[in-house]
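Work through the exercises below with the sequence and the structure at hand. Each task is followed by a solution in steps.

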Amino acid sequence: MRSANPALKRSTFEKYRGMSSGKEMTLSGTVSKTFILLVILMASAFYTWHQYSVGHSVGPLIMIGLFGGLITALIVSFVPKTAPLLAPVYAALEGLAIGGISAAFESQFNGITVQAVALTFGTLLALLFAYATRIIKVTHNFRLIVFSATIGIMLVYLTSFILSFFGMAVPYLHSSGPIGIGISLFIVVIAALNLVLDFDFIENAANQRVPKYMEWYGAFGLIVTLIWLYFEILHLLAKLKDR
């Protein structure tokens, strides 16, 4: 069993199985922590959005959000006990980046942000329903396919990042042509399916009597996937509108 989300690995939860001292991780607790992180993220995003709308430069805020969020995410991933403190910090930092980037897209394509947000949460609710009713079953092959595809996507993005320093780009990755749109659609599907893996790992963790603070860790992992899904949907919509 595995998850493509580095924050939600089965080994992480198994390490803390049975270590709770009276208070254990629950599904309802993880849901409430996820809601708190979403509120923090949206408040932070609104701040950067407002700064952009009044003409202030948001470039520094975006960079602080991206790199600060990355550093914070790495700390939480390696030291889960820091999740109650750093998961909200991560949400706030990523919100800075999301707000600025979304405002920039909105200035080019009117209405794109509302559409991206609606599709992101619509996908979340639809997959949560499909998972809860077992319409989608998380089998070994399902995990393996999603995991492998996600790793492949990450390698392509890493290659694209490295090539950008030499003035080159991965063919079709950012193109608004049919192949480019097809690639983005595939990435959106894989990002969405990672939500199913996240649900599965959180449910398993809640059944393994891990400590209460792991609710923050589970919520953090879910937010990581949601942010990725949002950016991919935003990218896909931009390609469609660019045509």
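**Exercise 1.** Locate R143 in this predicted model, decide whether R143 is buried or exposed, and find the side chain with which R143 makes a polar contact.

Solution. Start with the secondary structure: R143 belongs to helix α6, which covers residues 140–164. Next, take the relative accessibility, which is 9% for R143. Buried means under 20%, so R143 counts as buried. Last, look for a polar partner: the side chain of R143 contacts that of D200 at 3.0 Å.

**Exercise 2.** Describe the second largest pocket by its volume, its lining residues and their classes.

Solution. The second largest pocket holds about 430 Å³ of space. Its lining has 17 residues, and L27, V31, L128, F199 and L222 are the closest to the centre. Helices α2 (27–53), α5 (112–132), α7 (178–206) and α8 (214–242) each contribute at least two lining residues. Sorted by class, the lining comprises 14 nonpolar, 2 polar and 1 charged residues.

**Exercise 3.** Where in the chain is confidence lowest, and where is it highest?

Solution. The chain has an average pLDDT of 91, and 91% of the residues score at least 70. Confidence is lowest in helix α1 (residues 10–15), with a mean of 56, and highest in helix α4 (residues 83–108), at 97. Where pLDDT is low, predicted coordinates should not be read in detail.

Notes:
Residues are numbered from 1 along each chain as its sequence is written. This is a predicted model: local features need pLDDT of at least 70, side-chain atom pairs count only at pLDDT 80 or more; totals for chains, interfaces and linings use all residues. Side-chain values use heavy atoms; hydrogens and water are left out. Helices (H or I, at least four residues) and strands (E, at least two) are DSSP runs, numbered from the N terminus. Buried means under 20% relative accessible area, exposed over 50%, partly exposed in between (1.4 Å probe, protein chains only). A polar contact is a pair of N or O atoms within 3.5 Å; within protein, one must be able to donate a hydrogen and the other to accept it, and residues adjacent in sequence count only if both atoms are side-chain atoms. On a 1 Å grid over the protein atoms alone, a cavity is a set of points where a 1.4 Å probe fits but cannot get out, and a pocket is an open set with protein on both sides within 12 Å along at least five of seven lines; lining residues have an atom within 4 Å of a point. Grid points are joined across faces, edges and corners, and a volume is the space filled by probe spheres set on the points. Ala, Val, Leu, Ile, Met, Phe, Trp, Tyr, Cys and Pro count as nonpolar, Asp, Glu, Lys and Arg as charged, and the others, Gly among them, as polar. pLDDT is the predictor's confidence in each residue, from 0 to 100.
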